[in-house]
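Work through the exercises below with the coordinates open. Each task is followed by its solution.

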Amino acid sequence: MPHPHPELSAPGELVPGGLRIIPLGGLGEVGRNMTVFEYDGRLLIVDCGVLFPEEHHPGVDLILPDFEAIRDRLDAVEALVLTHGHEDHIGATPFLLRERGDIPLVGSELTLALLDSKLREHRLRETVHHTVSEGHRLTFGPFDLEFVAVNHSIPDALAVVIRTGAGVILHTGDFKMDQLPLDGRITDLRAFARIGEEGVDLFMVDSTNAEVPGFTTSEQEIAPVLEQVFHESRQRIIVACFASHVHRVQQILDAAVEHDRKVAYVGRSMVRNMAIARDLGYLNVPPGVLVDAKELADLAPEKQVLVSTGSQGEPLSALSRIAQRNHHFVHIEEGDTVVLASSLIPGNENAVYRVINGLARWGAKVVHRGNALVHVSGHASAGELLYCYNIVRPRNVMPVHGEIRHLLANAALARRTGVPDENVVIAEDGVVVDLVDGLATIAGKVNCGYVFVDGSSVGDITESDLKDRRILGEEGFISVIVVVDSVTGKVAGGPEIHARGFAEDDSTFDEIKQPIIDALDRVVAEGVDDAYQLQQTVRRVVGRWVNQTHRRRPMIIPVVIEA
Ligand SMILES: [Zn+2]
Ligand SMILES: [Zn+2]
């Protein structure tokens with residue numbers, strides 16, 4: 001993957017007293033957020049998340065930030081601050097801890113609890129946790145940290161203030177400004193104002209919704225829609241949402257109580273996360289409402305509510321299996337209602353519509369964000385961001401979290417509130433920003449590619465392996481085996497040709513056998529005797545023929561054996 005900034009070279013030495021910011025993920029993409037701060041030879045990391053693979057990453061389970069830029073300096077890491085418990089902020093932490101297990105982990109109670117269940121899955125036990133909450137101030141080496149409450153689509157999210165000798169940074173993490181959130185915990189604009197008065201040298205701001213005009217709708221606006229659904233439904237209700245969306249699940253529980261229904265969770269991450277949220281008091285489960293999924297199946301359909309994972313059409317999720325009628329105990333029936341109470345992540349459209357069609361085919365009524373207000377975003381829209389800029393009045397702004405279009409839209413908002421052009425830095429992954437003498441500027445770039453997790457392998461699969469997989473998946477392959485006499489150079493056996501994923505009979509290849517023999521004779525006569533070059537000759541002949549006669553570009557694997 002070529003870096004979008006070929007003009008940049010490696011950054012020079014950081015000037016004494018300066019602060020360096022090295023974004024290793026999440027800038028120029030939505031996912032795998034990770035930012036490194038360097039001051040006086042010491043490092044602080046904010047977030048360490050994963051990116052979920054798309055269709056052009058066949059076989060890949062997860063994509064991690066590239067730790068290469070700090071790999072030989074992991075001993076200098078003072079702490080890893082986790083702003084909230086979403087996968088794109090905590091998901092890569094186990095992989096970082098495999099490289100240094102005792103990096104202090106700093107986050108809110110819920111964030112660290114969600115992380116902890118992940119660390120246990122990875123059998124990481126000797127980890128160091130510092131639980132913080134809003135208002136706390138804590139020092140790690142030269143980094144003086146303060147935490148500020150922010151509202152987001154998961155409870156207990158924090159913004160972080162980083163004070164160093166180079167100045168004050170306010171990093172929002174993911175946030176929005178719902179003024180009437182379910183838990184009453186709003187983004188602390190009074191703290192933003194106080195820190196702004198002190199002087200914010202660099203404001204790092206969530207860009208995800210910077211292109212969206214106005215204000216993000218309050219989570220509570222979903223309640224009347226859910227009420228309507230529950231009111232009209234005469235049979236089972238299935239609600240699919242993100243397994244970390246505690247407040248969305250809270251609203252479903254409340255509606256179920258109101259309508260005298262019982263609720264069961266389906267999907268491992270839903271069961272696990274909601275148990276954590278309940279144990280810690282972030283989810284209020286009224287007595288008697290929650291039952292085991294198998295118990296629920298024994299109740300009358302009009303008493304049942306299932307809260308399920310799979311809102312993105314994930315093929316192995318409970319909801320997908322329900323839609324295909326091969327779930328082991330949830331059998332979708334005509335008249336059931338299915339609510340997809342979540343966003344539609346770009347790239348997942350086909351999978352989600354496949355699930356909706358599957359459910360509808362069995363006669364279910366499907367309510368989704370395309371036909372009802374059953375989802376609101378977790379990120380601040382343009383209007384909210386403008387408020388933030390006007391309240392904080394930062395000296396420099398660096399948009400974070402988002403694709404380049406989101407970063408640019410966010411930068412434009414900052415400028416409109418009066419932040420001078422030269423004080424707004426647009427940096428994508430790997431672009432290094434230095435804060436020196438109160439001015440943030442681009443200092444160079446570090447390498448920061450995709451690191452693919454595939455089964456138990458981390459970082460072994462490369463972009464070129466994926467290209468091979470795509471070719472294999474889309475075009476199939478042809479193998480050609482030729483035996484060449486090592487003395488005369490004449491073809492002594494074959495060519496033997498086999499194909500897979502290529503919708504032709506093997507006899508199709510009969511016509512190309514003689515041209516392969518002729519081509520080999522020709523290059524041998526010219527003095528070529530090395531197996532690699534003979535293989536390249538076979539590849540060229542077969543490649544040209546298959547392209548011309550079949551309009552295909554399969555993977556061609558020539559094997560020349562000298563005997
Ligand atoms: Zn988030
Ligand atoms: Zn995020």
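This is a predicted model: local features need pLDDT of at least 70, side-chain atom pairs count only at pLDDT 80 or more; totals for chains, interfaces and linings use all residues.

**Exercise 1.** Classify the geometry of the zinc ion (ligand 2) from the angles among its four donor atoms.

*Solution.* Start with the donors (N, O and S atoms within 2.8 Å of the metal, or 3.2 Å for Na, K and Ca; water is not among the atoms, so sites may look incomplete). They are D88 (OD), H89 (NE2), D174 (OD) and H401 (NE2), at 2.1 to 2.2 Å. Next, take the angles: they run from 88 to 162°. Four donors are tetrahedral if all angles lie between 85 and 135 degrees; four are square planar and six octahedral if opposite donors are over 155 degrees apart and all others between 65 and 115; anything else is irregular.

Residues are numbered from 1 along each chain as its sequence is written, and side-chain values use heavy atoms, with hydrogens and water left out.

**Exercise 2.** Find which residue coordinates both zinc ions, ligand 2 and ligand 1.

*Solution.* The two ions are 3.3 Å apart. D174 coordinates both.

**Exercise 3.** Are D88 and H401 buried or exposed?

*Solution.* Buried means under 20% relative accessible area, exposed over 50%, partly exposed in between (1.4 Å probe, protein chains only). D88 has 16% relative accessibility, so D88 counts as buried. H401 has 3%, so H401 is buried too.

Definitions and conventions:
Chains are lettered from A and ligands numbered from 1 in the order in which they are written.
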